[in-house]
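Welcome! Open your viewer, get ready to select residues by number, and follow along stop by stop.

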Amino acid sequence: MKETYTVEDLQFLMSQLRDPDGGCPWDLKQTFSSIVPSTIEEAYEVAEAIELEDFEHLHEELGDLLFQVIFYAQLGQERGHFDFPRIVDTLVRKLVRRHPHVFPSGDLHGDNQAREIDEQQVKANWESIKAAEREAKGERGTLDGVAAGLPALTRAAKLQKRASQVGFDWPEIDGVLAKVEEELRELREAIASGNSEHSREELGDLLFSCVNVARHLNEDPEAALRQCNRKFQQRFGAVESALKQRDLQPSDVTLEELDQLWEESKK
């Protein structure tokens with residue numbers, strides 16, 4: 001057995017899993033579409049490990065995510081669409097193109113004399129180059145190309161960021177907070193009207209405005225909500241633990257008692 005396996009070994013392993021003669025039945029029946037949920041899940045597990053600073057397991061989670069790329073590469077190769085070397089080649093060329101201050105020759109191994117440039121200029125150049133790439137793909141509108149399959153909070157933030165780059169934005173966060181309050185009032189009115197479709201629309205407007213608050217605070221709304229989810233889970237777990245000590249379930253006590261235990265868990 002080798003001391004250390006390589007990416008080439010991982011590619012070989014994947015080809016064996018997909019080998020019609022002796023491969024894994026589960027892997028053989030997978031398609032591009034069927035493994036998308038796993039890809040999304042693995043990406044979130046990487047994010048969670050980073051947020052929890054669980055570096056002991058981060059490399060394992062990154063490996064799981066890399067396996068998703070290898071799986072797609074194998075499927076692409078089988079169908080004649082692309083292979084892993086093409087994925088790498090396309091990525092390297094794109095990154096060289098987007099970092100002209102580091103690779104002014106346009107060649108990764110060319111005669112590159114890095115230029116002095118600050119972070120603001122880097123960001124401006126990056127967005128300008130990406131805009132040119134989008135136009136080359138036929139994406140003319142400012143918001144074209146923001147993937148529809150992104151989580152809703154993430155997509156909202158990206159749409160808002162794109163719009164802000166052409167001047168469509170609140171100059172100060174006070175305006176954003178006022179918008180949140182306005183949307184909350186409109187949601188209350190929609191709920192009072194009894195119109196569920198209108199309530200859903202106003203709820204979406206409120207969430208979109210909250211994402212705008214996160215963007216103005218330079219915070220990732222998905223990360224903020226994940227942190228809140230973990231906090232809620234921990235506190236509710238503490239409530240259940242306190243009740244178990246009394247041989248009780250949450251359904252056995254009143255809402256007032258649950259609220260009291262909740263406040264204690266926050267301490």
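Does Asn 218 count as buried or exposed? At 70% relative accessibility, Asn 218 counts as exposed (buried means under 20% relative accessible area, exposed over 50%, and partly exposed in between, with a 1.4 Å probe and protein chains only).

Before the next stop, a word on what is on your screen. This is a predicted model, in which local features need pLDDT of at least 70 and side-chain atom pairs count only at pLDDT 80 or more, while totals for chains, interfaces and linings use all residues. Residues are numbered from 1 along each chain as its sequence is written, and side-chain values use heavy atoms, leaving out hydrogens and water.

**Stop 1: two loops**

Stay with Asn 218, which sits in the loop between α9 and α10 (221-244). Helices are DSSP runs (H or I, at least four residues), numbered from the N terminus. The phi of Asn 218 is positive, near 60°, in a residue other than glycine. Most residues other than glycine have a negative phi.

Now select Glu 53, in the loop between α3 and α4. Glu 53 is not a glycine, yet has a positive phi of about 55°. Glu 53 is exposed, with a relative accessible area of 58%.

**Stop 2**

Go to the loop between α2 (25-28) and α3 (36-51) to find Ser 33. Ser 33 is exposed, at 60% relative accessible area.

**Stop 3: inside a helix**

Next, pick Ser 209 in helix α9 (residues 196-216). Ser 209 is buried, with a relative accessible area of 6%. Which residues does Ser 209 contact, leaving aside its neighbours within four places in sequence? They are Val 176, Lys 179, Val 180 and Glu 183, where contact means heavy atoms within 4.5 Å.

**Stop 4: the largest pocket**

Show Lys 130, Leu 150, Lys 158, Lys 161 and Arg 162, which lie nearest the centre of the largest pocket among its 25 lining residues. A pocket is an open set of points on a 1 Å grid over the protein atoms alone, where a 1.4 Å probe fits, with protein on both sides within 12 Å along at least five of seven lines; lining residues have an atom within 4 Å of a point. Helices α6 (119-136), α7 (152-164) and α9 each supply at least two residues of this lining.

**Last stop: Leu 66**

Finish at Leu 66 in helix α4 (residues 55-78). Leu 66 counts as partly exposed, at 33% relative accessibility.
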